[in-house]
Amino acid sequence: MTDYSDLIQPDKGQDAHTIHLVDQKSYDGWLKERSPRERAHLAAVGFKPDAYVHAILPADDPDRWAVVTSVANIESLSAWCLAKLGQILPEGRYRLHDRQPGAALFGWMSAQYRFDTYRSKPTSKGPRVLLTTDVGAIAPMVAEARAVALVRDMVNTPAADMGPAAIEKEAARIAKAHGGTLTVTKGEALEQGYPMIHAVGRAAAKHHAPRLVEIAWGKEDHPRVALVGKGISFDSGGLDIKPASGMRLMKKDMGGAAHVLALAELVMASGLPVRLHCLVAAAENAISSDAFRPGDVLKSRKGLTVEIGNTDAEGRLVLGDALTKAGEAKPELIVDFATLTGAARVALGPDLPALFANDDALADAMLAGGTDRDDPLWRMPLWDGYAEYLETDVADLGNAGSSPFAGTITAALFLKRFVPDGALWAHLDTFAWRPTAKPGRPKGGAALGLRAAWAMLQARYDRRGKA
């Protein structure tokens, strides 16, 4: 993985190519200050201050060229304003003229992500380094870039190499690096204590056996926060098997696990004053003679019985047991991430995770975090009127709604049944994938909602530097 600390460095006056930022309002004034040679060059290449276009500015010394790029507003840079440059410029050092990159530091680093693990000839392009005098911004931004890269790496890795055991291994690395305590429940203990996680994963091969992976970290007297992730390492759909087109990307069904592990590492590495409990329900939804069946009734850790209407609605089952376990420690806040429903993508597309919350202030804080980090969310309603779709004649509730409508909402309502009374709870139904590339956001595994949740946690718990 790229060492992002090499991509942003303190500006100590080193030799570097200058990047000039312009927008529609400032361009004419800036152009008047350029040399006749530069103005002639810009006219020849047809440069116009449309957002995110750029041109190389020649100099008398061929090694001293500069860059001009246009953005929407030079006074308010987003995370993505420099992403295209970070992706396409030649290797070397760069600095902005007369301003600091601010939020754009993230996109500069994110644009240089590459997943070359399985390539015989990895990308050889060298680093593009951005200089800044805002030294205090470097470490936090590098941490976020690394967290996003971790999600991308885990999601991009094929299911054969990112099964439940590999997810556990990543959790173990994080716990060891930051002084956390790792607990793993599998085998008979899983079957007895977490029957829905076991049922979903019992058809998988032994080396992909299901498990609940937990990390505990922080002081006992700090506010308790639980992060819960769906870790379905591959989702065939089970006996209600998916078509080939629906199965192609199911290596990403552990995206929720990747998000909470990355978020947990941000919490621990920053020393956020919370008592953290990170839980990942890891399983492969495979097909064999031992697979759970439509019509089966499963008993949950909470004691509720669940009739299986569709074996492809398995994510909510493993999360139900994990949420129950999280609630037993009486956290004040629970945040879960899951690639839970196709209905969320129908409603909101690939870029917007669906946000559900049982508290308006929490929802507002999550949305504000998304705005602050250019990591948008969209709140959806926990509409109790649709709870009737989960009713069944046989058990306490069904895992698949009886109506073709409101699939994202009914899935969230299912999870709500396993959230303890009194706990604040946010649920993010994320895609964890980008079907098309954008500057700084490559096609493939994606961290969608991660930085929004991190901003919320920082605003809620990090009192350092606050009055």
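Isoleucine 74 sits in the loop between β4 (66-70) and α3 (83-88). The model is predicted.

**Isoleucine 74**
- Isoleucine 74 counts as buried because its relative accessibility is 11%, and the cut-off for buried is under 20%.
- Its contacts include Leu21, Val22 and Asp23, along with Ser26 and Arg99, leaving aside residues up to four places away in sequence.
- Aspartate 23 is 51 residues from isoleucine 74 in sequence, yet the two C-alpha atoms are 6.2 Å apart.

**Helix α11**
- Helix α11 covers residues 315-328, 14 residues in total.
- From first C-alpha to last, α11 reaches 20 Å, close to the 20 Å expected at 1.5 Å a residue.
- Of its 14 residues, 12 are buried, so α11 is largely enclosed by the rest of the structure.
- Among the buried residues of α11 are Arg316, Asp321 and Thr324, as well as Leu317, Val318, Leu319 and Leu323.
- Lysine 330 follows α11 and has a positive phi, near 55 degrees.

**Largest pocket**
- The lining of the largest pocket comprises 32 residues. Nearest the pocket centre lie Asp312, Leu340, Thr341, Gly342 and Ala343.
- Elements giving two or more residues to this lining are β9 (224-235), α9 (244-247), α11, α12 (342-348) and α14 (407-416).
- α12 contributes the most, with 3 residues.
- By class, the lining holds 13 polar, 10 charged and 9 nonpolar residues.

Definitions and conventions: Residues numbered from 1 in each chain as written. Predicted model: local features only at pLDDT ≥ 70, side-chain atom pairs only at ≥ 80, totals over all residues. Heavy atoms only, no water. Helix = DSSP H or I, 4+ residues; strand = E, 2+ residues; numbered from the N terminus. Expected span 1.5 Å × (residues − 1). Buried < 20%, exposed > 50% of the residue type's maximum accessible area, 1.4 Å probe, protein only. 1 Å grid on protein atoms, 1.4 Å probe; cavity = no way out; pocket = protein on both sides within 12 Å on 5 of 7 lines; lining within 4 Å. Nonpolar A, V, L, I, M, F, W, Y, C, P; charged D, E, K, R; others polar. Contact = heavy atoms within 4.5 Å.
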